[in-house]
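Please read the following report alongside the sequence and the model shown here.

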Amino acid sequence: STHCISSAASDVYKRQTVFLAASAALVVASGLGVLAGSAISGYIDEKILHYVAGTGFILIGMMTLYNA
């Protein structure tokens with residue numbers, strides 16, 4: 001979705017502005033993921049987190065293939 005929004009915004013705004021805004025959004029989203037992961041890992045065993053993440057990855061892949 002970021003790619004679509006960036007493409008649409010590049011028609012209205014300068015490319016540098018769109019690039020910097022998309023980059024900043026990626027940095028913020030990654031930072032939030034790190035903070036959430038750090039908080040959750042204090043309460044849930046790392047092995048369980050790996051299984052949950054792997055299962056989620058497989059489910060997303062299956063849904064992507066199904067919808068293709």
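## Basis and confidence

This is a predicted model, in which local features need pLDDT of at least 70 and side-chain atom pairs count only at pLDDT 80 or more, while totals for chains, interfaces and linings use all residues. Residues are numbered from 1 along each chain as its sequence is written, and side-chain values use heavy atoms, with hydrogens and water left out.

The protein chain averages a pLDDT (the predictor's confidence in each residue, from 0 to 100) of 85, and 81% of the residues score at least 70.

## Fold and helix H3

The protein chain has 3 helices and 0 strands (DSSP runs, H or I of at least four residues for helices and E of at least two for strands, numbered from the N terminus).

Helix H3 (residues 46-67) spans 31 Å from first to last C-alpha over its 22 residues, close to the 32 Å expected (1.5 Å times one less than the number of residues). Because 0 of these 22 residues are buried (under 20% relative accessible area; exposed is over 50%, partly exposed in between, with a 1.4 Å probe and protein chains only), H3 lies largely in the open.

## Surface

Buried residues make up 3% of the 68 residues in the protein chain. Ile40, which is found in helix H2 (residues 15-41), is partly exposed, with a relative accessible area of 40%.
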